[in-house]
Amino acid sequence: MNKDSPTLYNSYNPVDDHHPPLEGSNSSSAPGQHSPHPSVTHLVDDPQTQQTLPPTNQPQQQLQQLLPSVVEPTPTAATSASTSASNTNLANANPALSAAATTSATGAAPAAAPATATGPSTATATAAVAAAAAAAATDERALQNQKLVEEFQYLLEKSQSLFSGLRDLPPTGSHRQWRPYFEKTFEIYTKLWKFQQLHRPVLEDKENYGLKRWEVGEIASKIGQLYYHYYLRTSDTSYLWESYVFYDAIHERQYFKDILEAKNPALMIKKIRYYARFIVVSLLLNKDDKIRQLVSELEELVDDYTKAFKPPDAKEWQIVVNEISTFMEAEKKLAPISPEKLLMTVDYRLPITTQNDVPGRLRLQEAILVGSCQKQIKFSELTLDMYRMLQSLEKQLPASDLPQKTVNIRNQEDAGKNRQEAVMAKNESTTTKNSAAAETKQTTSQPQQLPQPQQQPQSQQQQLVQQQHRRVNPHKYLLYRPSLSQLMVYIATACKDTTENGVILLYLSADGCEYPDVSVPGFQGGVATAYQPRKGAAADSAPSGAAAATSTSTATAASTTSGAGPVAGNNANATSSGSSNAIQSNNPTTSALQPRNHCLHPADLVPFTRKPLFLIVDSSSSVIFAEIPNVFDQPLISLLSPIEYPSSVQDRGEIGSLFTLFLHAPLLGFCSVSDIGNLDQDKWDESVLLMSKMETHIASLLLEDPDVVPHWKKCMSDEFLKAFMVRFTLCGIILRCHSSFKDEKNYPTSSPALPESVYGSTEIIHMLYDLTLITRVSTYFSFPASIVPPETFVSHDNQTAVEAN
């Protein structure tokens, strides 16, 4: 791959380039236990503004040594000790120079020599001694500076080597395989960052090394990437927040501000990739305002890059800008608006709740999210549907665990001289302070073993709270257009890593395949996976330049195996202009031509039903997966999308899949089928409360109804699975009451099927009717006569409901 091509570092392509000259490497999310991560501080260049951020959680305090402390350099006693030793050697070699050498080490001014009868000869000798001492001190400082530069270069090369080695870590497997490597990488970046902070004035001196601002920013960017890698491995959003902290600090400090003046296209690509990575992290954290700012700056940056260098990949980078613009446009179509007519940011992650672990209760442990539709909104290798499901599988981070932002952040360029003078002045501080600083630095640099939980005494309540906050999200694999073999490997790995009471969730968003001529049960259809066609195949099966530039050669987003699998990203509209570049085109008949050996059939999943399996299929052939036999009597639940939608429903290319939208946020799905653009805040808040009551009532109904199969009730012990099952039921009720959804093909189905008494619940339908009155869309729905009061009049023109009472 061309290292200057715009391959993005995101949740599906964590590292995409090599260093030097470009930053990055490949990493993946893999199963494993959650690992405490090092605490984080912000990028602050003024020692007066140091502010250490509180650790995200209690175990993270024990890994304080593994995270780079991002504060301004503080001198230690190391320099003082080195100087003293040098002066001692100098005195032994030449006693005449000892006084001058001691003066150089302590910073005291030399005492004036008393006048004697010797006259000018004594003054000349004194001047010669002083000159020799000054020359020796200069040589000593030059030698020390040379050693500092050599040590910095060693740390820099070592960090680059370890960072590049992330691509060699297995994308699947136990945390024991990748966790030690991350610890080592964090440790070397700790040393590198502290070293460059402590010796910044020496390194910035052009006569020594000439450290530039963008090089400091690059180191900080790598630390942000490490946190993002760790988030992919652990699914813990606290690491994602730490990554955002670093990226945001780099942005505010403007470390990459003057790269264009260097007239180096490789540095411009480095800055563009930083922006793309920052946008992905902001997107996953719902930082809509920050995303709009970054996208605007990215557009200007791409324009400057195109005008200054006229690169061959200019059109590909423009596609990247169009992709994120289209992605954000689809997200804001259904967003509520504030009284100031501004779009509101809503976090759709599940709230933290107090739920004690009960032995034998099922728990969602592994989740595999597959985005394999050709026609879909995407940003690089993150599709809109995968993005929504990813957020639905995470819980909100407690406010106490959010990293705090440093308040006083000044421009480093304006404070450069003051900073250097302050550092030089601190070098003359007392030995006590220097010794303490040296002791702190030595302690920080020591390799740390991960402490065991029992090594930290805690009360039972603290342990319960910590357990609730630390184990909140299931581990996730994010696979963009994987091949069949790759998909099977990931499913098998998840099955192997799942414990006895663990559940595997498999989400398939893919084009359907049907083979009616096949008589073998379980192989008459399925969902399409990516495959590499032979030479001479149709032109639209080959990747465009933009698709190749924005995705790796693997089908999995998080894979680190170089060169494996099919080409990801089949964009037939890559050369066209406009936002349509972000939507991959697809001929409706293409899926029927999918070779059977590249189709995932229901029978392919039978071996994995030895563990509890929760299947969600969003495809035109979803009903085929209702035929999976439950051979091993383990919980097996399949939630299947409608196979057809009415023509009035918006296309997947406009807002994503309607079925996935309901599973992500039922209120957004309701707004979509009711043609509601943006609810105002008052109606939104009222609708949210009513929707929450409906979900609570459905959950009670599913648990209490004797006709609901036991496996449904057993899976509802997990919060994530319960949310999906309740939202699926709510989707079925809403669509059955909608006037445009009249055919059975328009309704979602499940296996085992829910009883009709659930879909016909009078209480829930009555709440739905109240919701249509609040949002003034009752004309879109048909309710039983027993639900609609006879004294209620509905105006079809303005679609408002006016109650006579």
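Predicted model: local features only at pLDDT ≥ 70, side-chain atom pairs only at ≥ 80, totals over all residues.

Visitor: Which residues does Pro642 touch, not counting residues up to four places away in sequence?
Guide: Residues are numbered from 1 along each chain as its sequence is written, while side-chain values use heavy atoms, with hydrogens and water left out. Pro642 sits in the loop between β10 and α18 (652–655), where helices (H or I, at least four residues) and strands (E, at least two) are DSSP runs numbered from the N terminus. Taking a contact as heavy atoms within 4.5 Å, and leaving aside residues up to four places away in sequence, Pro642 touches Ser619, Phe659, Lys745, Asn746, Tyr747 and Pro748.

Visitor: Is Pro642 buried or exposed, and how many Å separate its C-alpha atom from that of Ser620?
Guide: A residue counts as buried under 20% relative accessible area, as exposed over 50% and as partly exposed in between, with a 1.4 Å probe and protein chains only. Pro642 has a relative accessible area of 3%, so it is buried. Ser620 is 22 residues away from Pro642 along the chain, and their C-alpha atoms are separated by 7.2 Å.

Visitor: Which residues does Ser338 touch, not counting residues up to four places away in sequence?
Guide: Ser338 belongs to the loop between α11 and β1 (363–372), and because its relative accessibility is 12%, it counts as buried. Once residues up to four places away in sequence are set aside, Ser338 touches Met344 and Gln681.

Visitor: What is the volume of the largest cavity?
Guide: On a 1 Å grid over the protein atoms alone, a cavity is a set of points where a 1.4 Å probe fits but cannot get out, and its lining residues have an atom within 4 Å of a point. Grid points are joined across faces, edges and corners, and a volume is the space filled by probe spheres set on the points. A search of the whole structure finds 6 cavities of 30 Å³ or more. The largest cavity has a volume of about 230 Å³.

Visitor: Which residues of the lining lie nearest the centre of the largest cavity?
Guide: The lining draws at least three residues from each of domain 1 (143–333) and domain 2 (363–396 + 474–514 + 596–780), bounds that come from an automatic or database domain assignment. Helices α10 (288–309), α11 (314–332) and α12 (384–392) each supply at least two lining residues, and the largest share, 3 residues, comes from α11. Of the 19 residues in this lining, those nearest the centre are Asp288, Glu331, Lys332, Ala335 and Met344.

Visitor: How many residues of α12 are buried?
Guide: Among the buried residues of α12 are Leu384, Asp385 and Tyr387. The helix is largely enclosed by the rest of the structure, because the number of its 9 residues that are buried is 9.

Visitor: What is the omega of the peptide bond from Ser751 to Pro752?
Guide: Most residues other than glycine have a negative phi, and most peptide bonds are trans. Pro752 lies in the loop between β11 (749–751) and α24 (756–759). The bond from Ser751 to Pro752 is cis, with omega near -5°.

Visitor: What is the phi of Asp633?
Guide: Asp633 is placed in the loop between β9 and β10 (636–640), and because its relative accessibility is 59%, it counts as exposed. It is a residue other than glycine with a positive phi, near 55°.

Visitor: Which element of the chain has the lowest mean pLDDT?
Guide: The chain averages a pLDDT of 74, and 66% of the residues score at least 70. Strand β9 (residues 613–618) has the highest mean among the elements, 98, whereas the lowest, 35, belongs to helix α14 (residues 431–445).

Conventions
1 Å grid on protein atoms, 1.4 Å probe; cavity = no way out; pocket = protein on both sides within 12 Å on 5 of 7 lines; lining within 4 Å. pLDDT = per-residue confidence, 0-100.
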